Amino acid sequence: MDSTGWRARRQADKASRPWSDDYRYYLQGQRGPDGRFVPVEEVTPLPDGSFVGGLLPSQSLSMPGTPPPVPPKAHYAPQYIHQSPTNAKAHHRAYSHGSVSIAQSYSTTSTAHVAQPSAIERSRTQRTPRMNPYLQFMVGPLLRYDTVDENGLWHGAALIVTADSGSIYEPHPVLTYQWDPEERTQPRASPQSTRSSFDLGPHPADPHAVAMFPFPTTQEPEGSSFGPYRGSSKVDQTQRVTGQEIYVYTSNGATFTFWRFPIQIQLGKNELCIKYSINNGMQLSFYVPACDQNMRWAAYSCNGFSAGVNQDDFKGPGYKSGYDPMWIDLLRNHTKAPFHVLVGGGDQLYCDPLCREPEMQDWVQQAKPSSKKAYPLTSEIAECIDRFFFNHYCASFRNGAFARANSSIPMLNMCDDHGGCGTLGFLSFFILLNNTLTRRYSDPDDLQCSPVFQAIGVRGYFFYLLFQCFINPYVDGLDDRSHPFKSLILGGQGPYVRLPSHSFLAYMGPQVRILMLDCRAERKKDRVCSDEQYKKVMDAISQLPPPVEHVVVQIGIPIAYPRMVFLETALDSKLNPLTALGRTGQFGLTGFVNKFNAEAELLDDLNDHWTAKSHKKERNLFIQQLQGISRMKRIRISFLSGDVHCAAVGVLKTLPRSAGGKNAKLIEIPPATDYRFMINVVTSAIVNTPPPNTVITMVSTLATKTHKTLHHAETDEIMLPLFPQEPNGTSRVKNKHIMGRRNWCAVRWDFNTGELVFDIRVEKEKGFGESVGYEVRTPPPQWIAGS
C-alpha cells in the first residue's frame, strides 16, 4: 500500500486495459450523471449463469487483480472425437500461447477420425446443463465444511449469491446432492504436467470440459431417480435442500441474495464422492471420508499479491497471470488423492484496493491523524465500504483455479491475522490504521472507535463471516449451543467489530481435530485473544473424546519463529534515521513509512507478531496452557500458520538437561514421549511473492539463535533445518531453515505410525505450477495421561 507500489500498480493497471475501458478508467474519482462516484472495482452477474465454479464457456471476466481462468486442455474434446498424437501436440502448442474458444479447439481435429452420430447424440454430448428455474449467479457455489458429530453425520453447507433482477425464485433455489454408500472411490489417473500443458482431469466447471451427468430440466417428484447417474447399488442416497435466504445486499437500487444450503451426509464404511447441483444445473462434486478415516486436507495462506508486485513475474507458459500456478498444483494433487477440506489460514483475499475507492480519498489524504480520527462516517463512505467488500469477494471467489477449489473442496477458514501494510487482509486495513495511529494517542480506544475506522472493522468482519463462514450473525444468533454450525466457539465481544470472536473446533478424523483460533476479532494493541475466548477454547479441547491424539491449532501468524527484537526496538526509536528519510521522501524511502501517520510500516507488522514485546507474555501463557492440556489429556498439539511469505518449521520441546558432571551430555526427551513437543508448520504464500533474499538470509541467521523466553517453564525453542536442498535438488549450504518460495501444505494421518504428516509443497520453478514436497512428521502421544 506504499505510494510507490500503488502508483506502479495503477500504471500497470492502466496499461493493461483495452481501449474500450479507457472511458471508465478516466472516470474513476469523478461523479457520474447520477451523482455517484465510479467505483474502482465493480462486478456484474456472470453471463448466462449456466457456468458456475469460476469459469465461463468462451470468455473470462477481465478484472484487475483477480485470478484468470485455467488454461484450456487438449483432451477435453467430445468423446466421439478420437485425436491422433500429432493433433494433440499441435493442440497443446496452440493453447500454451493463450486462451482459445471451444470452437477453435474442435477445429484442430479436422484430420481426426470423427464418428457420425445423430443430431440428438451430438446435442447430448455437448449440451451444457441449464438451471431451471433460472438463476443469475454473482458467485458460487462455494462449499464449507463444519464438522462431523458424534453420530458420524457430516455437516457442511454450500453458498451462492444471485442477482435478483435476473433470477427466478419461484420456487426457491434447490441444491440436490447424491451419493452411493456402497460405491468405492477409485484413484484417478495420475495427471500429467509439462511446462506448456496442464491436465487436471475432467472437471465440470472447466469451460473446455464436456458437461458431465447432465440433469433433467424438469422438476422430479421426491424419491425419483436423479438424472442419468446410476450407482453400483440400489441404495443410492439423494437429498434436496431448499436454500435459506441469509442476507440481501442492496446497491444503487439493485439487490443480490445470499442463499445457504445446509448439507448433511451420513458417513459410512467407504470414502464417498458427493455429486451436487443447483436447480438441476451443472453438476459438481466433492469428497467425504469414511467413518473411520482421518481426513486428507490442504492448507494455504496469502492468496493475493501485495501492491507494487508485478504479477506477470509469477506466471509460466500457458497461464494468464501469476495467481493460478500453485492452485493448479494443489488441484493436480487433489486429482491424485482428493482432499476432504481446504483450510484457509489467513489472507484468503487481499483488500488493499479499499483505500483506492473514490469515496475514501478525502479521508485517506487527511494530513493529520487527528483529522482522520474526527472524520465523520458519511452515507457515501458507508455505502462504499459495503460495495467494495461485496464486489471484491465476488470477483476474487469466482475466478480461476481458486474458484474451482472452492467449489470442489469444502473450505474451513479463519479470520485474517495480519496487520502489516504489504498484505492487507479482511481486517488488516482496519488493524493497520489502528496499530499505527494509536502510538500517537494515550487512549487507543479513542482512535479505534472513531467512525471510519469502526465502520471498516465492523463491515470487514461481517463480510468475512458471510462469504467465508456462511454465517450471518444477525440471522443465526450469538449462542454457540444452538448455532447452525456445530464447530463454532463464540468468544468475547470484539472491542471494535461489535461481534464476538468466532473460532471453530472441527473434526478431522477419529484421531485428529483442528482449532481455527480467531486471533482478530478481540485483538487490541496489547492483546491477541480475551481470557473468555481462551477459557472456552481450552474447555472445548479438554472435553475431546479419548480416541483423539492430535489437535492442530491454526493461527495466522507463527508462534515459534525467529525473533526480530533488535529491529523492533530500532524502528520504534524516535532516532530511527530510515523513518526520518522516509518522511521527507529522500532516497526513494517513501514506502518505508505509511501514509497515515508517517511511522515505520514494518513496525506495524512486527507489532502484530506473537513474539512482539507487547504479546510475549500472552504467547508464553498460551503455550503453557496447551502444554498442560497435552499432558493431562495425552494429546499432541501442533501449530499451523502463514503470514510471513515463506516456509519454515519451528519446534517447542522440553529443555535438555545435563545428567551431571563436568563433561556430561545433555539429555533429550524423545519427541514421542515429550508432551511439550509441538511443531509450528509455517506455510505461506500460495500466491504472493516471497520476501527479498536479503530478508530470507537475515531471518535464516536468526533461526539459529537460542531463545530463553520459556526456559523458566522447561521449554526450549528451535527451528528445524527442513530444507537441505533446493526444489531442483541442489544443496543449500547455509540457509536450511527458511524456504523463500511460494508454497502450500498437504496434511494427512499415517495409518501405520499414527503420525500426522505435514507435506510442505514448495514451488519448483516460478510460475510453472509444479511443486516439490518437504515432509515433517509429528508423533502420536506415547506418555501416560497426567504423568
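Arg742 is buried, with a relative accessible area of 1%; buried means under 20% relative accessible area, exposed over 50%, and partly exposed in between, with a 1.4 Å probe and protein chains only. Arg742 sits in the loop between β25 and β26 (743-749). This is a predicted model, in which local features need pLDDT of at least 70 and side-chain atom pairs count only at pLDDT 80 or more, while totals for chains, interfaces and linings use all residues. Residues are numbered from 1 along each chain as its sequence is written, and side-chain values use heavy atoms, with hydrogens and water left out.

Two backbone oxygens face the Arg742 side chain. That of Val687 lies 2.9 Å from a polar atom of the side chain. That of Phe314 lies 3.2 Å from a polar atom of the side chain. A polar contact is a pair of N or O atoms within 3.5 Å; within protein, one must be able to donate a hydrogen and the other to accept it, and residues adjacent in sequence count only if both atoms are side-chain atoms.

Turn now to the sheet that contains β25. Eight strands form an open sheet in the order β16-β17-β18-β19-β20-β24-β21-β25, with mixed pairing. Helices (H or I, at least four residues) and strands (E, at least two) are DSSP runs, numbered from the N terminus. Two strands pair if DSSP finds at least two bridges between them. Strands of a sheet pair through backbone hydrogen bonds, either parallel or antiparallel. The edge strands are β16 (488-493) and β25 (715-719), each pairing on one side only. From one strand to the next, the twist averages 20°; axes are lines fitted to C-alpha atoms, for helices over the stretch in contact, and angles run from 0 to 180 degrees between N-to-C directions.

Look at β21 (residues 648-654). Seven of its seven residues are buried. Five bridges join β21 to β24 (residues 678-682), and the two run antiparallel. Ala648 stands opposite Val682 in β24. Five bridges also join β21 to β25, again antiparallel. Here Gly650 has Met719 in β25 as its bridge partner.

Helices lie across this sheet. Contact means heavy atoms within 4.5 Å. Helix α19 (residues 616-633) lies across β19, β20 (636-641), β21, β24 and β25, running at about 145° to β20.

Next comes a helix pair. Helix α9 (residues 379-397) packs with helix α13 (residues 451-469) at an angle of about 30°, their axes 10 Å apart. The crossing is right-handed: a crossing is left-handed if the near helix is turned anticlockwise from the far one by less than a right angle, and right-handed if clockwise. Among the residues that meet are Phe389, Phe390 and Tyr393 in α9, and Arg459, Phe463 and Tyr464 in α13. The contact divides into 11 nonpolar, two polar and two charged residues. Ala, Val, Leu, Ile, Met, Phe, Trp, Tyr, Cys and Pro count as nonpolar, Asp, Glu, Lys and Arg as charged, and the others, Gly among them, as polar.

Finally, an open sheet of four strands has the order β8-β5-β11-β12, with antiparallel pairing. β8 (237-242) and β12 (284-288) each have a single partner strand, so one side of each is left without a neighbour in the sheet. The twist averages 25° from one strand to the next. Five bridges join β11 (residues 272-278) to β12. Ile274 has Phe286 in β12 as its bridge partner.
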